[in-house]
Protein chains: 2
Amino acid sequence: MSQGQRVVLASRPVGEPKLSNFRIEEYESPVPGEGQVLLRTIWLSLDPYMRGRMSDAPSYAAPVPVGGVMEGGTVSEVMVSNDAGFAKGDIVLSRAGWQTHALSDGKALTRIDPAIAPISTAVGVLGMPGMTAYTGLLEIGKPQPGETVVVAAASGAVGSAVGQIAKIKGARAVGIAGGKDKCDYVKGELGFDDCLDHRAPDLAAKLKEACPKGIDVYFENVGGAVFEAVFPLLNTFARIPVCGLIAQYNATEVPVPKWAPSMMRAVLTKRLTIRGFIVTDFAAQHADFLRDMSQWVREGKVKHKEFVTEGLENAPAAFMGLLKGANFGKQLVRIGPDRA
Amino acid sequence: MSQGQRVVLASRPVGEPKLSNFRIEEYESPVPGEGQVLLRTIWLSLDPYMRGRMSDAPSYAAPVPVGGVMEGGTVSEVMVSNDAGFAKGDIVLSRAGWQTHALSDGKALTRIDPAIAPISTAVGVLGMPGMTAYTGLLEIGKPQPGETVVVAAASGAVGSAVGQIAKIKGARAVGIAGGKDKCDYVKGELGFDDCLDHRAPDLAAKLKEACPKGIDVYFENVGGAVFEAVFPLLNTFARIPVCGLIAQYNATEVPVPKWAPSMMRAVLTKRLTIRGFIVTDFAAQHADFLRDMSQWVREGKVKHKEFVTEGLENAPAAFMGLLKGANFGKQLVRIGPDRA
């Protein structure tokens, strides 16, 4: 078979990942055995959770071993199939990782119908990030008409969906994003009621202005300074789904948050709900998600934006950028053409 | 009418309440108007939440004004009734506060049937503390068979019910209490699987031993050092109903908890649920509570202990003791005889 290319974890990062933490390797594209399929990667999804897999701190999933291929969701094409359930040319959702070719058994694959939507959406608005937004907001956040929902990284894959779903449910959506362009997009294109620049020195005051009736749902995907600004504005019975803390992922030491001493008192007196989740906790909601989200995308009620980096060799730099908000929309890496 | 006695808030405490923060006053027992009843207090319930009412810090309920009668739940007898729904001699649950006589309209009263259980249980195991345990544990904690439930103040009105209900639901119950006598009672009489003395210097190590499979539900009613010991032992998907923080109520400054920097990361990676509540949030569960708890008390599955202080004039000292764990069981003050 042909020559493949993959990105392995060369060493565990301390603080921000560097290019030297990754290594690009060539390898012989493998030959599928009985019941296996050979996949060619078309799209690689880059997502903040991958920073966690680079560390060996205890988490909800095992780390990538040093020398192992970086994990990741992909949209792939079946090149050779020894599984009766898949045919050459099928487009599938896989976890093939940061590499051009991979073996899989059919059980780990989901077929994608290219007629329904662009295939890249299977790792975006109709995939894991979209479902994270949908389940976290609706199962934990439960926004009611007239309530205020705040979400950071509001132009990103998860945050953009959170605010738009909040609007669909009749809530007020306030986003926080990095810079004027992103904020303009979040307000102008996505229809959030307001969007604030997290780099503004007076974020706390601006957020208070933007949320005159306080905050009922804070969808936590960044942590750090944004939560500091959110904390005093939380209303009685506010809900805080927690799916990510990107602002902390590169931290070698997390500073003591300003809210720490008053946290539990606020939980009690305001009857707050703080709940962590990952998308697989809500696997039972997958059919509901696909039905609702496909419809909203079709109707133009949920818009999404892709930010495409070309070539596997550029994935490490793209990922380092993602952790700093350099992307504008869902970060994808194009590994190969839609059709070989 | 006759002479009454009441305890008013003389001044707001800073730190631990002192006797000088209370004042005992004599007053003319009032005369009921149209639609009102005159009540004579039999039992006054003392509960930790009252410390919150003595302060003017923002909370879920308005503070007692300086010079106002201290608030509190009571078991009272109807002396004179101008409300067709109540007759002289009726025993009622009221919020008459720290005083011997009070006026009420019937809407704020619940009739108590002395044939069902001792009337004092209406402010104890069959009242607010029992319902706090029942709703917080079952609606938020949701213990499953084989899981481990930890609760502090385990010989108290709320904690004792939490552990016993956990056992009824098939969970392992581990209590924390102050001193050997209380711990012996919690294990020997109440049937908890284990009970630890919170004064032990090695509480964290002891708790780890007592919870070999980690902690699935931590019913938070004290805060402080106990939560420090609990935090590292929380399992994935652990639930933390928060109904009180008695260890902090007298604090003029809350120290930064050790868990603070890793709190949100633990919420995320362990998918914790932390939720504050007060008993009135679950008013819809009142009928279920009364049905289940009355049955459990009748069957001997839920035992309870009362700690009675005699005389309204001793209520301030009893309350100060309650905040330090001087009581052993549900703290009551007997204000008058069962029958006048």
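The structure is a predicted model, in which local features need pLDDT of at least 70, side-chain atom pairs count only at pLDDT 80 or more, and totals for chains, interfaces and linings use all residues. Residues are numbered from 1 along each chain as its sequence is written, while chains are lettered from A and ligands numbered from 1 in the order in which they are written.

Chain A holds ten helices and 15 strands (DSSP runs numbered from the N terminus, with H or I over at least four residues for helices and E over at least two for strands). The radius of gyration of chain A is 20 Å, which agrees with the value near 20 Å that a compact globule of 340 residues would have; the radius is taken over C-alpha atoms, and the globule rule is 2.2 Å times the number of residues to the power 0.38. Along the principal axes, the C-alpha atoms of chain A fill a box of roughly 60 × 45 × 35 Å. Of the 340 residues in chain A, 49% are buried (20 or more other C-beta atoms within 10 Å of the residue's own, with C-beta atoms placed from the backbone).

Turning to the sheet, twelve strands form an open arrangement with mixed pairing, in the order β10(A)-β9(A)-β8(A)-β11(A)-β12(A)-β13(A)-β13(B)-β12(B)-β11(B)-β8(B)-β9(B)-β10(B); two strands pair if DSSP finds at least two bridges between them. At the edges are β10 (194-197) of chain A and β10 (194-197) of chain B, each pairing on one side only. On average, neighbouring strands are turned by 15° against each other, direction ignored (axes are lines fitted to C-alpha atoms, for helices over the stretch in contact, and angles run from 0 to 180 degrees between N-to-C directions).

Where the chains meet in this sheet, β13 (residues 273-276) of chain A and β13 (residues 273-276) of chain B run antiparallel and are joined by three bridges. Thr273(A) has Arg275(B) as its bridge partner, and Arg275(A) stands opposite Thr273(B). Contact between the chains involves 28 residues of chain B and 28 residues of chain A, two residues being in contact if their C-beta atoms, placed from the backbone, lie within 7 Å. On the chain B side, α7 (263-269) and β13 are the elements that give two or more residues, and α7(B) gives the most, with five.

Within chain A, strand β8 (residues 148-151) sends Thr148(A) and Val150(A) one way and Val149(A) and Val151(A) the other, and all are buried. β8(A) pairs with β9 (residues 172-177) of chain A in the parallel sense over four bridges, and Thr148(A) stands opposite Arg172(A). The chain crosses from β8(A) through helix α3 (residues 157-168) to β9(A) in a right-handed β-α-β crossover (with the strands pointing away from the viewer, the path from the first strand over the helix to the second runs clockwise). β8(A) also runs parallel to β11 (residues 215-219) of chain A, joined by three bridges, with Val149(A) and Val217(A) as bridge partners.

Helix α2 (residues 128-141) of chain A is mostly covered, with twelve of its 14 residues buried. Among them are Met128(A), Tyr134(A), Leu137(A) and Ile140(A). Just after this helix, Lys142(A) takes a positive phi of about 45°.
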